[in-house]
Amino acid sequence: MEIGLITSLADALPGLVWVALPDGRAEFLNRRWCDYTGLSPQEASGMGWQSAVHPDDRLSWLEYWDGLLASRNPGEVEARLRRHDGQYRRFLFSAAPIANASGEIARWCGINTEIEEKLAAQEELYARIRSDETLRESDIRTRAIDGIPGFIGILAPDGSVEAVNRRIKEYTGQSLEELKNWGTNGTIHEVDLPHTAEVFGQSIALGIPHAMEFRLRRHDGEYRWFDDRGVPMRDDNGNIVCWYVLLTEIEIRKRNEAELSRARAELAHVARVSTINMLTAAIAHEVNQPLTGIVTNANTCLRMLASDRLDLDGARATAQRTLRDADRASAVVQRLRAMFTHKELTTETVALNEAAREVLALSASELQRGRVVLQTDFASGLPPVVGDRVQLQQVIMNFVVNAADAMRDVDDRPRSLSIATTLDGPEVLLSVRDAGIGIAPESAGKLFEAFYSTKGHGMGVGLSVSRSIIQSHGGRIWAVANDDCPGSTFSFAIPCCSPPAASQASEG
Amino acid sequence: MSQQTSIVFIVDDDISVRESLEALIRHEGLNVEAFESAEAFLARPRPVIPGCLILDVFLPQLSGLDLQQHIAADRTSMPIIFLTGHGDVPSTVRAMKAGAAEFLTKPFDDEVLLAAIRNAIARSGVALDEEAELRALRERFVSLSRREREVMTLVVRGLLNKQVGGKLGITEITVKAHRGRVMEKMHAKTFADLVNMGLRLSIAPDART
């Protein structure tokens with residue numbers, strides 16, 4: 001074929017066609033190529049055509065082209081090509097070698113095909129498929145949780161309800177849309193709602209798991225106790241993708257607990273009453289015997305001194321017996337006092353943080369019932385103290401119970417209770433702070449006296465026992481009104497058994 | 001009954017109570033014997049003069065109530081005055097049911113105690129007299145011949161001489177003779193006396209038989 005015919009043919013082809021020399025320089029570019037790129041044949045010839053390739057793609061394109069030239073194989077590569085109006089569009093660059101009769105590469109020829117629209121369409125399709133997959137996935141998820149024999153919910157990162165399984169819908173008799181308003185539509189018992197909302201809100205805001213108990217309304221309107229546990233699901237970057245929530249009905253357990261706690265309270269009361277009865281009987285008997293002697297002796301003495309039957313020796317002996325009996329009564333009282341003030345201590349090293357945590361664990365459900373929001377601030381590396389663990393826990397328990405009691409009628413502010421430990425010089429300090437009714441300045445001094453109580457139902461024994469316990473540990477106990485907000489803070493400080501530095505070293 | 005021939009026993013393990021009681025009662029001119037335990041009291045030979053027992057409810061080992069049960073059967077002539085530290089209702093009820101004369105709470109009023117003692121001694125005297133009388137009655141009954149006892153047993157049950165004769169296979173005249181001797185030996189002035197004696201000796205008729 002003559003050159004003119006080949007050129008006409010190449011120009012007529014519906015594509016961007018080119019021919020290059022074996023070293024890669026362009027020898028010929030058809031009209032469509034020049035029209036499309038807006039480059040003249042002179043501008044494009046040689047290596048000039050490169051200027052139409054997107055600068056970002058140019059280097060990788062050249063590397064590929066060099067490799068292709070060396071390999072002498074046909075190939076394809078994708079790159080953006082600048083249109084005459086300056087817009088870059090994606091093209092597929094296809095190239096193939098043309099060999100002469102002796103088998104050497106004489107030329108390279110190629111065609112550039114625009115794939116912009118096809119790719120865009122493909123991408124759109126992919127995007128649609130992806131979103132379909134997401135939908136299908138959530139569908140699968142819902143179906144999967146439907147099959148679980150428990151109450152499962154899935155929440156968005158912000159805590160809003162995204163999906164719940166069939167069991168929740170059946171139990172509550174509410175649709176997913178209705179359940180989204182659980183905070184306002186009476187799904188949770190109004191008494192439990194503030195505490196629930198607080199714990200839940202904190203968990204979502206801080207991205208930490210939560211565990212709580214509340215009463216959930218059944219379809220027939222009856223509220224039953226549930227345990228609720230929520231954990232966040234995170235992606236590889238640590239962002240929360242969703243929350244999984246598991247609800248477990250604990251109505252029976254709760255009833256048993258209530259039974260148990262009532263029984264325990266009754267037992268404690270009986271124990272207290274019977275202890276007091278026992279003590280009273282013992283004291284009464286111990287004091288009453290010499291008292292009987294004293295009364296009878298005194299009467300006898302009077303009879304002996306009566307003028308008609310005067311018996312001075314008898315009266316003297318009787319008076320002496322009276323004195324002996326009085327001494328005996330006074331010894332009884334002294335013995336009692338000694339018994340109560342010098343109780344033997346069981347000494348061991350006590351980690352106060354641990355001891356306090358145990359107390360809090362024991363009183364957790366009691367605190368929740370009182371809608372008390374608990375905060376802890378335990379000092380790390382706190383040295384241990386020497387003493388009676390159970391007695392110290394009794395004191396902490398007493399503080400916590402008093403704090404909760406003091407907030408029983410508080411409704412205009414959070415019933416917050418914070419317990420903290422700190423190292424204060426040679427002493428370890430534990431304090432319990434409440435937002436309760438506080439203490440009147442005039443009663444501050446009497447708080448730790450036996451049988452003094454500001455509570456209507458109090459025995460007035462707890463704090464006085466606490467004081468004797470702390471004193472027997474060589475410590476101090478005190479109470480102050482909070483100066484920045486309502487409520488009071490009860491504290492005790494006891495000497496720690498080793499210098500903090502040594503203790504920390506041994507811990508490390 | 002003279003005070004010199006009576007005796008007051010005290011059983012209380014508490015020295016203050018025991019000694020003060022002893023002094024009070026002795027000053028009233030009564031004989032007193034005090035013991036620390038129920039066991040020590042039981043070891044002493046039984047007195048045959050009127051008396052009473054002042055007993056602490058809560059004694060170690062053998063308690064006051066146990067002691068009461070122990071002596072109730074054979075010492076009806078010794079009324080018991082209980083002392084207790086505090087109003088123990090179940091003990092009081094048990095003691096009173098078992099025939100306690102008094103139940104006093106320590107410390108007690110000396111006048112109340114002394115009145116209770118005097119009252120108890122008087123009751124003891126009466127009981128002793130009755131005991132002595134019954135003992136004499138039994139001796140007289142034992143002194144009867146076998147035939148006389150048979151006749152007495154039947155007549156106090158209300159049988160006629162003729163019926164007694166029929167039962168024993170003897171004549172009515174013989175029955176009358178035996179009956180006269182029985183009245184004489186038993187020191188019965190009238191037939192009614194004899195029936196009463198029969199009642200006390202427990203050979204008397206039960207009204208229904």
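A crossing of two helices is left-handed if the near helix is turned anticlockwise from the far one by less than a right angle, and right-handed if clockwise. The exercises below apply this and related ideas to a predicted model.

**Exercise 1. Describe how helix 6 of chain B packs against helix 7 of chain B, giving angle, axis distance, orientation class, handedness and the residues that meet.**

Solution. Begin with the geometry: the two helices pack at an angle of about 135 degrees, and their axes are 10 Å apart. Angles over 145 degrees count as roughly antiparallel and those of 65 to 115 as roughly perpendicular, with the rest oblique once the roughly parallel ones, under 35, are also set aside; helix 6 of chain B is therefore oblique to helix 7 of chain B. The crossing of these two helices is right-handed. Turning to the residues, B:E150, B:V151, B:L154 and B:V155 of helix 6 meet B:V164, B:K167 and B:L168 of helix 7. By class, the residues of this contact divide into five nonpolar, no polar and two charged.

**Exercise 2. Identify the buried residues of helix 6 of chain B, and state which helices they pack against.**

Solution. Helix 6 of chain B spans residues 146-156, and within it B:V151, B:M152, B:L154, B:V155 and B:V156 are buried. These buried residues pack against helix 7 (161-168), helix 8 (172-185) and helix 9 (191-200) of chain B. Just after helix 6 of chain B comes B:G158, which takes a positive phi of about 100 degrees.

**Exercise 3. Characterise the largest nonpolar core and the elements that build it.**

Solution. This core has 38 residues, and those with the most contacts inside it are A:L352, A:I396, A:A403 and A:V428. Both helices and strands of chain A give two or more residues to the core, among them helix 11 (352-369), helix 12 (389-406), strand 14 (416-424) and strand 15 (427-433). Helix 12 of chain A gives the most, with eight residues. For A:L352, leaving aside residues up to four places away in sequence, the partners touched are A:L382, A:V385, A:T421, A:V428 and A:L430. A second, separate core has 32 residues, including B:I54, B:V57, B:A95 and B:A120.

**Exercise 4. Determine what chain A brings to the contact with chain B.**

Solution. The contact takes 21 residues from chain A and 14 residues from chain B. On the side of chain A that touches chain B, helix 9 (251-305) and helix 10 (312-341) each supply at least two residues, and helix 9 of chain A gives the most, with 15 residues. The residues of that side divide into five nonpolar, 11 polar and five charged.

Conventions. Residues numbered from 1 in each chain as written. Chains lettered and ligands numbered in written order. Predicted model: local features only at pLDDT ≥ 70, side-chain atom pairs only at ≥ 80, totals over all residues. Core = buried A, V, L, I, M, F, W, Y, C linked by C-beta atoms within 7 Å. Buried ≥ 20, exposed ≤ 12 C-beta atoms within 10 Å, placed from the backbone. Helix = DSSP H or I, 4+ residues; strand = E, 2+ residues; numbered from the N terminus. Contact = placed C-beta atoms within 7 Å. Nonpolar A, V, L, I, M, F, W, Y, C, P; charged D, E, K, R; others polar. Axes fitted to C-alpha atoms, helices over the stretch in contact; angles between N-to-C directions.
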